[in-house]
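Subject: Structure handover

Hello,

I am passing on the structure below, followed by notes on what was found in it. Please read the notes with the model open.

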Amino acid sequence: MEPQSPTVTAGQPRELAQDDLQALFDALTARGWTVVGPTERDGAVVLAELTRADQLPHGVGVRLAPGGYRLRQREDRAAFAHSAGPQSWKNFLHPERARLWQADRDEEGGVTFTPDTEETAPAPRYALLGVHPCDLAAISRLDRVLTGGAFRDPVYGPRRDAAFVIAVACTDPGELCFCASVGTGPGLREDAPCDLAVHEIADRDGVRLMISAHSGRGAELLSDPRLPLREPHPELPELARRRTEDAAQRMGRELETEGLRDVLAGTLDSSVWDEVASRCLTCGNCTMVCPTCFCTTTEDTTDLTGEHAERWRRWDSCFDLDFSYVHGGSVRTSGRSRYRQWLTHKLGTWHDQFGSSGCVGCGRCIVWCPVGIDLTVEAARLREEAGP
């Protein structure tokens, strides 16, 4: 007979030893989820499908600079104490490439179209392990854009519905993080939109995890009798609170958001845009690593016989010259206009479209810009030029 475990209700914290993380992996896979989480590979912390807890980046931290990213060894064995890496969770919810349909010609010359729908191509069931608060906010932004209106995205929607989200509070922000100033982290709110909320506390006593269920699915998982959960040590909630408060004080950057939309709208002719354009390579790296950029284009392919064709959707960027191509040419032909479009949309007109900023303060766009353009610096320069 399997051991019995008391039912866990939403919001009730439990404690899990780091050495027992494999039991969490096993409970997730037993329910049909494929665990996706951080792991160390090729000199970076990347997101990948994982099968074992020892694949997590235990004891790995990150050092960031504009245009620079390096791993560093931590003094503890924390698995989630690293700031944003080159990927975000949109890679798994809003993938770089997705087939929309395929068509085949039959012997009589007729053509059969087969769309990729939830019935013909079921969405993968991912358990997203280690979602930091800034990235959790990014997922909420994508929810609003891709499923919150009249049109439900046929790729993102099913993947999002199938995802089990395990959020982890951030305790070690990087040198370019600024989530505290934009209100998306580093702590997890009691109503954080996830299934499980985790606080990882690393100290002289080792590494402990305090876990709370934020959904019925999360509560059901934590009620699994094979999970060696216990009542949290009385000091653990206070330790978790202090760690996130300390993290908020150690943000490497700050973005003043008050009135920023109007600042950007009033500085469209500023010389700041010319100066930024003189450095910007229009490579689009900032949009590829941004966890909320969602733009796509489509392309058709055929086999050599012409009997089979497919339509694929892939990520696109407002930095691409073809992105604004209409009959006769592109609307935004200069790097100046393309960078201005990206920044004013991200920090300004996103509010008009979706009711919030498009920036969650993860700092990826600064880290992975080859020339280190820093949007917090550029926004401050524009604010200074706009005056009081």
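Helix α9 (residues 271-279) packs against α11 at an angle of about 110°, and their axes are 8 Å apart. α9 is therefore roughly perpendicular to α11. Axes here are lines fitted to C-alpha atoms, for helices over the stretch in contact, and angles run from 0 to 180 degrees between N-to-C directions. Angles under 35 degrees count as roughly parallel, over 145 as roughly antiparallel, 65 to 115 as roughly perpendicular and the rest as oblique. Helices (H or I, at least four residues) and strands (E, at least two) are DSSP runs, numbered from the N terminus.

Before going further, note that this is a predicted model, in which local features need pLDDT of at least 70, side-chain atom pairs count only at pLDDT 80 or more, and totals for chains, interfaces and linings use all residues. Residues are numbered from 1 along each chain as its sequence is written, and side-chain values use heavy atoms, with hydrogens and water left out.

Helix contacts

On the α9 side, W273, D274, V276 and A277 meet G335, R336, Y339, R340, L343 and T344 of α11; contact means heavy atoms within 4.5 Å. By class, the contact of α9 with α11 has 5 nonpolar, 2 polar and 3 charged residues. Ala, Val, Leu, Ile, Met, Phe, Trp, Tyr, Cys and Pro count as nonpolar, Asp, Glu, Lys and Arg as charged, and the others, Gly among them, as polar.

α11 also packs with helix α13 (residues 375-386), at an angle of about 90° and with the axes 12 Å apart. These two helices are therefore roughly perpendicular to each other as well. Y339, W342, L343 and L347 in α11 meet L375, E378, A379 and L382 in α13. That contact divides into 7 nonpolar, no polar and 1 charged residue.

Pockets

A pocket is found on a 1 Å grid over the protein atoms alone: it is an open set of points where a 1.4 Å probe fits, with protein on both sides within 12 Å along at least five of seven lines, and its lining residues have an atom within 4 Å of a point. Grid points are joined across faces, edges and corners, and a volume is the space filled by probe spheres set on the points.

The largest pocket has a volume of about 420 Å³. Its lining has 24 residues, of which A137, G183, T184, G185 and R189 lie nearest the centre. At least two lining residues come from each of α3 (133-147), α5 (179-182), α8 (260-265) and α11 (335-354), and α3 gives the largest share, 5 residues. The lining divides into 12 nonpolar, 9 polar and 3 charged residues.

The second largest pocket has a volume of about 320 Å³. It is lined by 16 residues, and L188, E190, H199, S212 and H214 lie nearest its centre. Two or more of the lining residues come from each of β10 (196-203), β11 (206-213) and α7 (236-249). The classes here are 8 nonpolar, 5 polar and 3 charged.

Backbone points

Most residues other than glycine have a negative phi, and most peptide bonds are trans. The following depart from that. G185 and P186 are joined by a cis peptide bond, with omega about 0°, and P186 is in the loop between α5 and β10. D42 has a positive phi, near 55°, and sits in the loop between β2 (34-41) and β3 (44-50). T282, also not a glycine, has a positive phi of about 50° and is in the loop between α9 and α10 (285-289).

D42 is exposed, with a relative accessible area of 75%, whereas T282 counts as partly exposed at 22%. Buried means under 20% relative accessible area, exposed over 50%, and partly exposed in between (1.4 Å probe, protein chains only).

Buried residues

In helix α1 (residues 21-30), the buried residues are L21, A23, L24, F25, A27 and L28. H132, in the loop between β8 (126-131) and α3, is buried at 7% relative accessibility. Leaving aside neighbours within four places in sequence, H132 is in contact with F80, H82, V168 and C170.

A240 lies in helix α7 and is buried, with a relative accessible area of 5%. Leaving aside neighbours within four places in sequence, A240 is in contact with H199, I201 and M210. The C-alpha atoms of A240 and A169 are separated by 8.6 Å, and the two residues are 71 residues apart along the chain.

Regards
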